[in-house]
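Me: I would like to learn how to read a protein model, one feature at a time. Could you walk me through this one?

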Amino acid sequence: MQQLADGLEIDFHSEKYKDAYSRINAIVIEGEQEAYENYIKLAELLPNHHDDLIRLSKMESRHKKGFEACGRNLKVTPDLEFAQKFFAPLHDNFKVAAAKGNIVTCLLIQSLIIECFAIAAYNIYIPVADDFARKITEGVVKEEYTHLNFGEVWLKDNFEASKMELEEANRQNLPIVWKMLNQVADDAQVLAMEKDALVEDFMIQYGEALSNIGFTTRDIMRLSAYGLSAA
């Protein structure tokens, strides 16, 4: 039993915790694996940025190994089948967009939605993590901002040409995030991660990214509403 700063006690070795952790840990492992694959595909689509994108993909592979170590530390086997189904809608949409050469949609899915989802989850998890996982996650979240930054910079530089596709990609993919958050809410609660805090942190990260790209506050409120309508 570990007591956290706010007085909350968590038993990281209880069966209930380990059961929920098997799915949460699998989600972060699978998320990093998909990011690894997505950045390799983006390197093919953006040959002028090939080396940078391969570097990002290798970073994601290291993150995956770190989270696999977190599971081993708690003697938990990640439920990767669950995690693959969890990510399937975003995975499929990325795959379709890549096949069509829709770079803007690929960047929105990977560099904005998935990275913001990851950053939000890691931010909320760090204060309630076991000591081993906290150190791993703190290192990972610092690097995730560099991934988010790549997408932001490219989309900002190509904003006018990308705006219409960005809005359509947002309309198609943001509601998926809300379904994902709802799907994982009970397990996250067992790990002392509040769904409302996850939603709030994601919206902050995603809104800031959209702002950095060039969208106005009014645009961001309108784009965000697509996600909220699916809540």
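Me: Where is the confidence lowest and where is it highest in the protein chain?
Reply: Please keep in mind that this is a predicted model. The protein chain has an average pLDDT of 92, and 94% of the residues score at least 70. Confidence is lowest in strand 1 (residues 2–3), with a mean of 53, and highest in helix 3 (residues 80–100), at 97.

Me: How do I read the way helices pack together?
Reply: The general idea is that two packed helices are described by the angle between their axes and the distance between the axes. Take helix 1 (residues 15–45) and helix 2 (residues 50–73): their axes come within 8 Å and cross at roughly 165°. That makes helix 1 roughly antiparallel to helix 2. The crossing of helix 1 past helix 2 is left-handed.

Me: At what angle do the axes of helix 1 and helix 3 cross?
Reply: They cross at roughly 20°, and the two axes come within 8 Å. Helix 1 and helix 3 are therefore roughly parallel to each other. Here helix 1 passes helix 3 in a right-handed crossing.

Me: Where does helix 3 bend?
Reply: Helix 3 bends by about 55° at alanine 88, and proline 89 follows within four residues. Its 21 residues reach 28 Å from the first C-alpha to the last, close to the 30 Å expected at 1.5 Å a residue.

Me: Which residues of helix 3 are buried?
Reply: An α-helix has 3.6 residues a turn, so residues three or four places apart point the same way. In helix 3, the buried residues include Phe82, Phe86, Leu90, Phe94 and Ala98. Ala83, Phe87 and Ala97 are buried in helix 3 too.

Me: What about helix 4: how far apart are its end C-alpha atoms?
Reply: Helix 4 (residues 103–125) has its end C-alpha atoms 31 Å apart. At 1.5 Å a residue, its 23 residues should span 33 Å, which agrees. Along the way, helix 4 bends by about 25° at glutamate 115.

Me: How do I read backbone angles?
Reply: The general rule is that most residues other than glycine have a negative phi. Lysine 75 has a phi near 60°, a positive value in a residue other than glycine. Alanine 192 also has a positive phi, near 70°.

Me: Where do lysine 75 and alanine 192 lie?
Reply: Lysine 75 is in the loop between helix 2 and helix 3. Alanine 192 is in the loop between helix 6 (159–190) and helix 7 (195–213).

Me: Does burial follow a cut-off, and is lysine 75 buried or exposed?
Reply: Buried means under 20% relative accessible area, and exposed means over 50%. Lysine 75 has 71% relative accessibility, so it counts as exposed. Alanine 192 has 19%, so it counts as buried.

Me: How do I compare separation along the chain with distance in space?
Reply: Phenylalanine 159 is in helix 6, and at 9% relative accessibility it counts as buried. Phenylalanine 159 and asparagine 170 are eleven residues apart in sequence and 14 Å apart in space. Leucine 181 is found in helix 6 and is buried, with a relative accessible area of 4%. Between leucine 181 and aspartate 92 there are 18 Å in space, while in sequence they are 89 residues apart.

Me: And where is tyrosine 206?
Reply: Tyrosine 206 is in helix 7, and it is buried, with a relative accessible area of 0%. The C-alpha atoms of tyrosine 206 and proline 127 are separated by 21 Å, and these residues are 79 residues apart along the chain.

Notes. Residues numbered from 1 in each chain as written. Predicted model: local features only at pLDDT ≥ 70, side-chain atom pairs only at ≥ 80, totals over all residues. Heavy atoms only, no water. pLDDT = per-residue confidence, 0-100. Helix = DSSP H or I, 4+ residues; strand = E, 2+ residues; numbered from the N terminus. Expected span 1.5 Å × (residues − 1). Bend = angle between axes of the 7 residues up to and from the residue. Axes fitted to C-alpha atoms, helices over the stretch in contact; angles between N-to-C directions. Parallel < 35°, antiparallel > 145°, perpendicular 65-115°, else oblique. Left-handed = near helix turned anticlockwise from the far one by under 90°. Buried < 20%, exposed > 50% of the residue type's maximum accessible area, 1.4 Å probe, protein only.
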